[in-house]
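Take a moment with the sequence and the model. We will walk through them one step at a time.

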Amino acid sequence: KVVSLLLALLIFMMYKSSQLSEKDFVVPVKIVQNGNLIAVTSKSPVSSVKITVRGKSSQLLEVSENDLEAYVDINSQGMGGTYDFPIFVKPSDRLVLMDPLEITLGKEKLSLTVEERIFRYVPVEATLAGSPARGYQIESVSVVPPFVKVLGPKSVVEGISFIQTEKIDIQGITRNSVQTATLAYENGLVQIEKGDQYEVSVITEPSPLTKEFP
């Protein structure tokens, strides 16, 4: 009798399972990195994962990608290296209330290389476009403030020698020029300290004239 009861329960569960529908979603994987480590990748998000949701057909019709959040938490590691981080899924409150509900992942781990997060101050250099008028030359160029704070992976930040400004037009100038400019640097791995615009001063002077006499 016990065996018959267990078989009946198994058949019942299999029948109920066969009545469930499936719906697939491709969800971006977010990286939780609020500690001393940062993922070394230029894409955000770095990857996507296939998530299969099983439930009643009538309930699945209302489910969308917005009801699923996939993420990895790199704060579980204490030092840089390459690790296989487990992928977690956070369903929405509406999705949790569905019964029955099954959620499966196309892949359970994501391989990421992480590095120590550091910051340093690097020089700001002006980018000049054009040249002074005939008979004049540039004596000096200065930027205020002369440094900017950058934050990011150790290997990337240590490789930055300077940050350039956007182009400053000095075509045909005959006197000293003072212009404001923003920084021209794009790298998704590096954060640049936000501040006021940078003041670029270009000092000109008459070019020395030469003439040959027989």
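Thr127 counts as buried, because its relative accessibility is 17%. Buried means under 20% relative accessible area, exposed means over 50%, and partly exposed lies in between, using a 1.4 Å probe and protein chains only. This is a predicted model: local features need pLDDT of at least 70, side-chain atom pairs count only at pLDDT 80 or more, and totals for chains, interfaces and linings use all residues. Residues are numbered from 1 along each chain as its sequence is written, and side-chain values use heavy atoms, with hydrogens and water left out.

Thr127 sits in strand S8. Strands (E, at least two residues) and helices (H or I, at least four) are DSSP runs, numbered from the N terminus. What is Thr127 in contact with, leaving aside its neighbours within four places in sequence? The answer is Gln164, Thr165, Glu166, Lys167 and Ile168. Contact means heavy atoms within 4.5 Å. A polar atom of the Thr127 side chain lies 3.0 Å from the backbone oxygen of Thr165.

Now turn to Ser155, in helix H4 (residues 154–157). Ser155 counts as partly exposed, because its relative accessibility is 43%. Its side chain makes a polar contact of 2.8 Å with the side chain of Glu115. A polar contact is a pair of N or O atoms within 3.5 Å; within protein, one must be able to donate a hydrogen and the other to accept it, and residues adjacent in sequence count only if both atoms are side-chain atoms.

Next comes the core. In soluble globular proteins, nonpolar side chains tend to be buried together. Here the largest nonpolar core has 20 residues, and Ile51, Leu68, Ala70 and Val72 have the most contacts inside it. Such a core is a set of buried Ala, Val, Leu, Ile, Met, Phe, Trp, Tyr and Cys residues joined through side-chain atoms within 4.5 Å. Strands S1 (21–32), S3 (47–55), S4 (68–73) and S8 (109–129) each supply at least two of its residues. A second, separate core has 19 residues, including Ile118 and Leu189.

Finally, look at the sheet. Five strands form an open sheet in the order S6-S4-S1-S3-S7, with mixed pairing. Two strands pair if DSSP finds at least two bridges between them. Strand S6 (88–91) and strand S7 (102–105) stand at the edges, each with a single partner strand, so one side of each has no neighbour in the sheet. S1 and S4 run parallel, joined by 4 bridges.
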